[in-house]
Amino acid sequence: MSIEVEIVSPEKVLFSRAVEMAVIPGLEGDIAAMPDRAPMMLLLRGGVVELYENGVVTERFFVAGGFADMTATRCTILADQATALADLSVADAQKRLAGLEASYDAADKMNVPALDLLMAKMQSARAEIEAAGGEAVKAA
Amino acid sequence: MASLKDLRARIGSVKSTRKITSAMKMVAAAKLRRAQTRAEAARPYAAAMRRMLAELGAGTRGQSGLPTLLAGTGNDRVHLLIPITSDRGLAGGFNANVNRKTRDLIGQLQAEGKTVRLLPVGRKGGDYLMREFSDLILDKIHGSGGKEIPFSAAAELGERIAAMAEKGEFDVCTLVYNRFQNVMSQTPTTMQLIPLALPANDVAASADAPVYEFEPGEEELLSSLLPRNLQVQIYATLLESAAGEQGARMTAMDNATRNAGKAIDRLTLKYNRTRQTNITNELIEIISGAQAL
């Protein structure tokens, strides 16, 4: 049994293959896409999508927020931005996080939607650093 | 009558023009292929987005209190037009078509007593509209149809439009752009972005369609999907316009090359005739000179 997983960013399709299971970073917690799952749509937070084949993780992608559309046979991940984990850079993400934190401090604290957006971006940047760092440690 | 020297110079200059136009045609052809590949690569995302929107929209149809991006402000007074043109010319009627369409649209809307605002993307459209409608232009955005069109450019524009919509600065937002039909023809087309016409849901129409779960809620999903959709739509039109620009340039340069070839043939014929006449004249002079002796 396998499920067709597609990871698409606005620019291109990053991944499209049948895998056993995909673990997706949902806004309210990780969720696994498996065959015969009840159809579901969810918002994503910044995090890592893990693709399982034969019980082990074969591919990892970092997604910076987005949406997922799951059905019984198919799982489409619409990522705002998606990168293979190996291509992540800790320094870049840290720089972005620093910039975001600065704009968060400067932001109008009454403007809740804007703050929420910044928070989400910061969370995504933190998750990216974590994802990139984890990979770097493993490689060493 | 032009002298032989003048004719030679003209033939030379037309020949070098032909070289330039044929080189531009080649370049446009190569760029066109790249632009088309990019436009195709962006299609799956847009398609998936449409599917999700259709699914979500089915549940919310007819409700009140929908997001501005979907339902608009409820008025139809202030129109924001976004004509998308290229930064560079020499592409046949590519930019002129969009400009003319925009101009017609402005005239039509103003005749109906509506307020028009313009946000031209691309230098050619901006410059053209500046002449006639400088008081309507909010800002000009350059850099369309360049080498690379990053999604961030579309995202920026989308965010800006979304922010303006939230503030109620306009009621209806429409894109005017060249739809890429094929290499030979691009049709100037309008597309209404706000209020959004939700795609019809053909999946849920069938009785045994599965019922979707939504996480978090339907409304939260919709409210984050809509701005994204706006950006994706803009991105798709930018890519399409870029492909169209190259297609139009290729066709225009192909015509120019052919015309230059014809002009060269004509000038060469004229050059040879003139040369022949000159020789004949000289011969006549010599012969009549000899006879006079």
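Modeller: Two strands are said to pair if DSSP finds at least two bridges between them. In this predicted model, strand 1 (residues 78–83) of chain B and strand 2 of chain B are parallel and share four bridges. Four bridges meet the requirement of at least two, so these strands count as paired. Within the pair, His79(B) is opposite Val116(B) of strand 2.

Colleague: What is the order of the open sheet in chain B, and which are its edge strands?

Modeller: The order is 2-1-3-4, for four strands with mixed pairing. Strand 2 (115–118) and strand 4 of chain B are the edge strands, as each has pairing on one side only. From one strand to the next, the twist averages 25 degrees.

Colleague: How do you know that strand 1 and strand 2 of chain A pair?

Modeller: Six bridges connect strand 1 (residues 3–8) and strand 2 (residues 13–19) of chain A in the antiparallel sense. At least two are needed, so the pairing holds. Glu4(A) faces Ala18(A) in strand 2 of chain A, and a hairpin of four residues links the two strands.

Colleague: What makes strand 5 of chain A and strand 5 of chain B a pair, given that they belong to two chains?

Modeller: Three bridges join strand 5 of chain A to strand 5 (residues 213–215) of chain B, and the two run parallel. The condition is at least two bridges, so they pair. Met40(A) is opposite Glu213(B) there.

Colleague: How many residues does the contact take from chain A and from chain B?

Modeller: Chain A gives 20 residues and chain B gives 22 residues. On the side of chain A, the elements giving two or more residues are strand 5 (40–53), strand 6 (56–70) and strand 7 (74–79). Strand 5 of chain A has the largest share, with four residues. By class, that side of chain A holds twelve nonpolar, four polar and four charged residues.

Colleague: Why is Asp36(A) called exposed?

Modeller: Asp36(A) has 9 C-beta neighbours inside 10 Å, and 12 or fewer is the limit for exposed; therefore Asp36(A) is exposed. Asp36(A) sits in the loop between strand 4 (29–33) and strand 5 of chain A, and its phi is positive, about 65 degrees, although it is not a glycine.

Colleague: And what makes Asn54(A) exposed?

Modeller: The count for Asn54(A) is 7 other C-beta atoms within 10 Å. With the limit at 12 or fewer, Asn54(A) is therefore exposed. Asn54(A) is also not a glycine, yet has a positive phi of about 50 degrees; its loop lies between strand 5 and strand 6 of chain A.

Colleague: Where is the cis peptide bond in chain B?

Modeller: The bond runs from Ile194(B) to Pro195(B), with omega near -10 degrees. Pro195(B) belongs to the loop between strand 4 (186–194) and strand 5 of chain B.

Colleague: At what angle do helix 4 and helix 5 of chain B cross, and which residues meet?

Modeller: The axes of helix 4 (residues 94–111) and helix 5 (residues 123–133) of chain B come within 10 Å and cross at roughly 35 degrees, in a right-handed crossing. Helix 4 brings Asn95(B), Val98(B), Asn99(B), Thr102(B) and Ile106(B), while helix 5 brings Lys124(B), Gly125(B), Tyr128(B), Leu129(B) and Phe133(B). The classes are five nonpolar, four polar and one charged.

Conventions:
Residues are numbered from 1 along each chain as its sequence is written. Chains are lettered from A and ligands numbered from 1 in the order in which they are written. This is a predicted model: local features need pLDDT of at least 70, side-chain atom pairs count only at pLDDT 80 or more; totals for chains, interfaces and linings use all residues. Axes are lines fitted to C-alpha atoms, for helices over the stretch in contact, and angles run from 0 to 180 degrees between N-to-C directions. A crossing is left-handed if the near helix is turned anticlockwise from the far one by less than a right angle, and right-handed if clockwise. Two residues are in contact if their C-beta atoms, placed from the backbone, lie within 7 Å. Ala, Val, Leu, Ile, Met, Phe, Trp, Tyr, Cys and Pro count as nonpolar, Asp, Glu, Lys and Arg as charged, and the others, Gly among them, as polar. A residue is buried if 20 or more other C-beta atoms lie within 10 Å of its own, exposed if 12 or fewer, and partly exposed in between; C-beta atoms are placed from the backbone.
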